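This report is a guided reading of one model for someone who is meeting it here. Please keep the sequence and the 3D view open while reading.

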Amino acid sequence: MFGRSRSWVGGGHGKAARSIHSLDHLKYMYHVLTKNTTVTDHNRNLLVETIRSITEILIWGDQNDSSVFDFFLEKNMFVFFLNILRQKSGRYVCVQLLQTLNILFENISHETSLYYLLSNNYVNSIIVHKFDFSDEEIMAYYISFLKTLSLKLNNHTVHFFYNEHTNDFALYTEAIKFFNHPESMVRIAVRTITLNVYKVDNQPMLHYIRDKTAVPYFSNLVWFIGSHVIELDNCVQTDEEHRNRGKLSDLVAEHLDHLHYLNDILIINCEFLNDVLTDHLLNRLFLPLYVYSLVNQDKGGERPKISLQVSLYLLSQVFLIIHYAPLVNSLAEVILNGDLSVFSSKVEQDIQKNTTKSSIRCFIKPTETLERSLEINKQKGKKRVQKRPNYKNVGEEDEEERGSDDTQDDLDKTKGTEASSKGIRTSSENEEIEMVIMERCKLSELSISAVTEQNTTDEEKSAAASGSDITNWNRPFLDMVYNALDCAEDDYYALFVLCLLYAMSHNKGIDPVKLERIQLPAQHAGERNTYNHVLAEGLIRIMNYAAQPDGKIRLATLELGCLLLKQLVFSKNGSIIKDIHLACLEGAREESVHLLRRFYKGEEIFLDMFEDEYRSMTIKPMNVEYLMMDASILLPPTGTPLTGIDFVKRLPCGDVERTRRAIRVFFMLRSLSLHLRDEPETQLPLTREEDLIKTDDVLDLNNSDLIACTVITKDGGQVQRFLAVDIYQMSLVEPDVARLGWGVVKFAGLLQDMQVTGVEDDSRALNIIIHKPASSPHSKPFPILQATFIFSDHIRCIIAKQRLAKGRIQARRMKMQRIAALLDLPVQPSAEVMGFGHSSAAASQHLPFRFYDQARRGSSDPTVQRSVFASVDKVPGFAVAQCINQHNPSPLSSPSSGSGSTERCDSVTASSTSTPSAAQSPSGIIGIILKQKYSKMTLQLQSSLT
């Protein structure tokens with residue numbers, strides 16, 4: 001930024017042009033300033049370049065020559081900056097001056113240099129200067145300048161900004177005036193400045209903030225947040241057609257920013273600031289606006305309200321983000337155990353007092369703006385006799401004259417504001433007393449409930465948690481939570497209720513005792529022997545609705561319900577779910593099986609969807625934090641993908657999406673059922689990584705079917721490899737130099753993800769593409785292998801093409817049969833797929849290629865090598881078929897093409913083997929026919945090759 005030419009000022013003037021970074025050049029710049037004290041149109045550019053040059057020299061001097069700052073301080077050069085500002089010389093000079101000052105303070109690294117710049121209070125004079133903030137560029141550079149200064153705050157530098165004698169803290173008070181600026185970047189900068197101030201552990205400064213600025217700032221901030229919430233609610237109410245989602249997303253993001261900012265203040269753990277902030281958040285925002293709207297949807301009342309879905313959504317965000325114990329405990333206490341009396345405790349008292357506030361817990365606009373409140377507090381605490389130490393008061397005579405003229409007006413205003421300020425002070429004291437009383441009442445209630453809970457049975461606890469004893473305890477907010485779980489028509493409100501319960505149970509600040517009152521366990525709860533039956537039944541009903549063909553339950557709702565049910569019925573010692581509830585859950589799982597059967601098809605797309613959905617659900621499980629950041633769930637559930645809403649957050653559209661939904665519901669309920677019954681998953685996924693050949697595996701290739709080929713990759717590289725085909729995979733191997741007859745796998749890919757095409761110009765070549773399994777149904781397939789395979793002759797090319805094509809068909813067919821077994825469907829015997837022909841008379845299922853032992857890797861020795869193939873064929877490229885009968889416990893034997901002896905046949909599950917002779921087998925005649933047929937074909941193939 002500072003790498004400019006040497007002719008910055010005046011086109012190069014002798015010594016000044018020879019060395020820009022020097023004390024001499026700074027002296028020359030000082031000379032230029034003294035000659036141009038008045039800003040005119042002729043010298044405006046000269047002054048701007050002079051200020052830039054001085055800044056560059058100061059940054060250089062900070063790192064190289066301390067005498068530069070000595071001269072800068074000695075000549076009091078900051079005064080020239082102030083004089084230029086006060087001459088109202090136009091936006092161009094103001095922007096350049098703020099920009100160079102910002103750069104200067106950003107790049108100063110030594111504390112001594114920083115002290116030089118901050119001394120004499122000139123920086124504070126620039127801060128309080130009345131800039132034209134209607135200019136966006138001036139506003140941007142000004143707030144950036146304040147943020148840069150706040151980053152320099154510490155216990156030593158804070159004294160340059162905060163003056164105890166005059167009770168003045170210009171950096172902070174000027175910054176918070178822009179807390180509600182229309183530009184979001186300005187608001188973000190203000191939050192950064194306030195957080196940097198709060199982090200400084202200087203008690204006098206923090207007490208000043210508490211006494212003079214905390215109540216005005218936090219009250220106006222709470223009102224600003226609430227106003228955004230009401231605007232958000234109006235946007236939801238008027239956007240049922242999903243036409244204004246951009247504005248809704250911006251409002252939700254703004255609310256999230258506010259909550260994170262509030263949480264950042266609370267985690268600084270400044271106790272008295274936290275007390276004031278907690279009081280305002282509870283009594284002016286969360287309780288009167290968020291919680292009150294849960295059960296009062298009548299818009300005609302005096303109190304402002306928001307819709308139920310918005311209230312639940314925002315409360316979920318509060319519990320997910322804020323973990324400050326006094327705040328979240330008080331809020332959870334009202335939601336789980338409170339009633340409407342918390343909103344009417346002081347109404348009559350306030351009416352009798354005739355105060356401007358209608359209730360202590362009411363969302364109302366502050367009586368004064370923040371700027372006006374700060375001015376009133378400043379006038380009260382100002383000591384007119386004392387001046388700021390080392391304060392030069394340069395150019396402030398005009399301000400003092402203006403101040404004397406306004407004295408009478410201030411006195412007149414003070415009379416009117418004294419009463420209101422006294423009222424404000426009295427009301428704040430009453431609020432603090434009220435908070436203390438409320439906390440003491442809660443403690444007494446906790447002690448009483450703890451004593452009574454010791455003498456209650458599990459059934460009584462469950463009844464109390466469900467809120468059935470209405471006569472003794474009216475809990476309208478908790479009743480609303482239970483009622484919203486009814487999803488007979490849709491899950492619009494149920495999703496938000498589940499998010500709220502999840503957020504409360506995972507909040508680290510909430511006392512577990514409060515959750516145990518409704519038998520909702522915390523995230524890491526101890527041993528239990530009972531749970532909330534009403535909540536469990538509501539969750540199981542959601543799962544039953546989801547498994548229905550016409551169910552209106554979104555996948556996000558179902559997955560969240562499964563998470564909560566696991567948390568609800570699992571104790572440290574395992575599942576404590578009752579048999580009746582487990583039976584209902586098993587019924588829902590059976591319904592999901594029947595639902596998926598309706599969509600089961602023997603098409604390739606079903607297998608791809610099945611595996612894609614399982615992979616997507618495993619890789620990307622539910623993240624409630626991200627879910628509650630999405631504004632689209634605030635709108636009524638829609639079934640069209642044209643809105644761009646994620647599939648799990650909307651209803652399905654068309655047969656393909658209904659199939660995907662049925663698959664997901666099946667997976668979720670199956671996983672939940674196995675988890676509650678403490679049974680491992682043995683059938684999914686269909687392809688297990690531990691059962692696959694991997695790169696660099698060493699295989700025994702003695703007497704195995706291999707086809708030599710040249711692999712030409714997309715980038716032009718050529719390598720010699722041997723092609724081997726397995727039941728699920730094809731692999732490229734090269735000989736192991738250490739052991740004869742063994743090979744090292746250089747590539748392995750799934751047959752089902754492979755595409756094989758011929759090459760028009762070369763009958764000996766094949767184009768082969770193998771795609772990586774997609775991480776989501778919408779992601780574009782990524783090829784992990786895209787190469788041309790060149791074989792010795794066209795016969796071997798044909799053999800390889802048939803083997804790969806038939807292997808792909810059979811691999812997919814086997815997986816479809818495993819899916820059918822999962823759905824309790826009868827497994828249809830597939831047509832015999834052999835190397836070169838079909839046999840329509842075959843009653844047993846034949847596998848296209850050899851099986852190898854599924855337990856290839858030794859459990860104790862990872863270097864154990866094994867043979868890939870179970871049998872041998874002497875003809876290159878010929879695949880020996882192995883027989884399998886899934887309906888018969890004893891697999892059939894298959895004659896070898898080279899001899900009449902029987903071979904061992906492996907089943908699909910590799911469970912048991914037997915070797916009966918072909919004559920004794922039920923299909924012995926078929927075996928004899930196959931033997932004759934393949935002996936003849938072998939002789940024909942051998943003769944053709946010779």
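## A hairpin and the strands beside it

Six residues form the link of the hairpin that joins S10 to S11. Strand S10 covers residues 754–758 and strand S11 residues 765–772, and the two pair in the antiparallel sense over five bridges; strands count as paired if DSSP finds at least two bridges between them. Within this pairing, Val-756 stands opposite Ile-768 in S11. Strands and helices are named here as DSSP runs numbered from the N terminus, with at least two residues (E) for a strand and at least four (H or I) for a helix.

S11 also pairs with S12, again in the antiparallel sense, over eight bridges, and Ala-765 has Ile-790 in S12 as its bridge partner. Strand S12 (residues 782–791) pairs in turn with strand S6 (residues 707–713), in the antiparallel sense and over five bridges; here Val-711 stands opposite Phe-789 in S12.

## How to read the values

The model is a predicted one, in which local features need pLDDT of at least 70 and side-chain atom pairs count only at pLDDT 80 or more, while totals for chains, interfaces and linings use all residues. Residues are numbered from 1 along each chain as its sequence is written, and side-chain values use heavy atoms, with hydrogens and water left out.

## Helix H12 and its neighbours

The axes of helix H12 (residues 203–237) and helix H14 (residues 271–291) lie 9 Å apart, and the two helices pack at an angle of about 15°; the axes are lines fitted to C-alpha atoms over the stretch in contact, and angles run from 0 to 180 degrees between N-to-C directions. H12 is therefore roughly parallel to H14, on a scale where angles under 35 degrees count as roughly parallel, over 145 as roughly antiparallel, 65 to 115 as roughly perpendicular and the rest as oblique. The residues of this contact divide into 16 nonpolar, five polar and two charged, where Ala, Val, Leu, Ile, Met, Phe, Trp, Tyr, Cys and Pro count as nonpolar, Asp, Glu, Lys and Arg as charged, and the others, Gly among them, as polar.

With helix H15 (residues 308–321), the axis of H12 comes within 10 Å and crosses at roughly 130°, which makes H12 oblique to H15. Val-229, Leu-232, Asp-233, Val-236 and Gln-237 in H12 meet Gln-309, Val-310 and Leu-314 in H15, contact being taken as heavy atoms within 4.5 Å. By class, the residues of this contact are five nonpolar, two polar and one charged.

## Helices H11 and H13

Helix H11 (residues 184–198) and helix H13 (residues 245–268) have axes that come within 10 Å and cross at roughly 10°, and they are therefore roughly parallel to each other. Their contact residues divide into five nonpolar, two polar and five charged.

## Aromatic pairs and backbone details

The model has 26 aromatic pairs, counted where ring centres of Phe, Tyr and Trp (its six-membered ring) lie within 6.5 Å, with planes under 30 degrees apart called stacked, over 60 edge-to-face and the rest tilted. The rings of Tyr-30 and Phe-80 have centres 5.8 Å apart and planes at 80°, so this pair is edge-to-face. Because Tyr-30 lies in helix H2 (residues 23–35) and Phe-80 in helix H5 (residues 78–86), the pair ties together parts that are 50 residues apart in sequence.

A cis peptide bond, with omega about -5°, joins Leu-684 and Pro-685, and Pro-685 is found in the loop between helix H30 (654–676) and strand S5 (698–700).
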